Amino acid sequence: MSGDEFRGDAVFCLNQCLVKGRLSECTYQSWLGFKIKAVKSGEPPWLIEARRLLGTKEISGPKHNPRIMGWASKLGISYQTDETPWCGLFVAHCMSLVSDRLPINPLGSRQWAKYGRRLDKGVPGSILVFWRGSPRGWKGHVGFYVSESAGHYHVLGGNQSNAVTTAKLSKRRLLDIRWPESYRVKGERVLAQREGAVSINEA
């Protein structure tokens, strides 16, 4: 396990240890270092974790990426293969860095519209929930706001081209913008001029 992986895992373990009344000095120091990094960057800790995981890919076939499978295992989510849509799992892993209760079914991307509080505008780290296929259907996508242009959000999410990437999604597909209750809202809209292909199906 790399140092970065340990720090990410340690932050997740912190909440579990606090609940159970057990917290080792090693885990505490790792968590403290992660928080210091978050303060210095000005970004919420879950967005820092999301950026750290950029490039993580699912593995086609009978083998599965142990990192993705590990997220589900730590969260106690039944998950059999990394070829099952995992955008919600990615968000759940990153949001486990705060104390808020996760949605009942965090794998369901539209379930994230019930998480935390609603925001009127996107700020770095806010959770963006989109419809996929049809606004009235059940399919969707969820990821983190990093910036926006006139008609699009730039979303850092999992299962975008089968990997953790930053993708460009139409604002017309947006269903909701959410933020954890336990974390003070901070940051402003980030305007970007980046051009490129627009994602239309994140399965």
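This is a predicted model: local features need pLDDT of at least 70, side-chain atom pairs count only at pLDDT 80 or more; totals for chains, interfaces and linings use all residues.
Biologist: Why is helix 5 called largely enclosed by the rest of the structure?

Modeller: Buried means under 20% relative accessible area, exposed over 50%, and partly exposed in between (1.4 Å probe, protein chains only). Nine of the nine residues of helix 5 (residues 87–95) are buried, so the helix is largely enclosed; among them are Cys87, Phe90, His93 and Met95. These buried residues pack against helix 3 (45–52), helix 4 (66–75), strand 2, strand 3 (140–148), strand 4 (152–160) and strand 5 (163–170), where contact means heavy atoms within 4.5 Å. Over the protein chain of 203 residues, 49% count as buried.

Biologist: What makes the six strands an open sheet, and which are its edge strands?

Modeller: Two strands pair if DSSP finds at least two bridges between them, and the six strands form an open sheet in the order 1-6-2-3-4-5 with antiparallel pairing. Strand 1 and strand 5 are the edge strands, since each pairs on one side only. Strand 4 and strand 5, which run antiparallel, are joined by seven bridges, and histidine 152 stands opposite serine 170 in strand 5. Helix 3 also packs on the sheet, touching strand 3, strand 4, strand 5 and strand 6, with its direction at about 100° to that of strand 3.

Biologist: How do you know that glutamate 43 and arginine 51 form a salt bridge?

Modeller: A salt bridge is a side-chain nitrogen of Lys or Arg within 4 Å of a carboxyl oxygen of Asp or Glu. The closest N and O atoms of glutamate 43 and arginine 51 are 2.9 Å apart, and the pair therefore qualifies. Glutamate 43, at a relative accessible area of 18%, is buried, whereas arginine 51, at 36%, counts as partly exposed.

Biologist: What makes glutamate 181 and arginine 117 a link between parts that are 64 residues apart in sequence?

Modeller: Glutamate 181 forms a salt bridge with arginine 117, with 3.9 Å between the closest N and O atoms. Glutamate 181 lies in the segment after strand 6 (174–179) and arginine 117 in strand 1 (residues 117–118), so the pair ties those parts together. Arginine 117, with a relative accessible area of 27%, is partly exposed.

Biologist: Why is glutamate 188 called exposed, and which residue is its salt-bridge partner?

Modeller: Glutamate 188 has 55% relative accessibility and therefore counts as exposed. Its partner is lysine 121, with the closest N and O atoms 3.3 Å apart. This pair links distant parts of the chain, as lysine 121 is in the loop between strand 1 and strand 2 (127–131) and glutamate 188 in the segment after strand 6, 67 residues apart.

Conventions:
Residues are numbered from 1 along each chain as its sequence is written. Side-chain values use heavy atoms; hydrogens and water are left out. Helices (H or I, at least four residues) and strands (E, at least two) are DSSP runs, numbered from the N terminus. Axes are lines fitted to C-alpha atoms, for helices over the stretch in contact, and angles run from 0 to 180 degrees between N-to-C directions.
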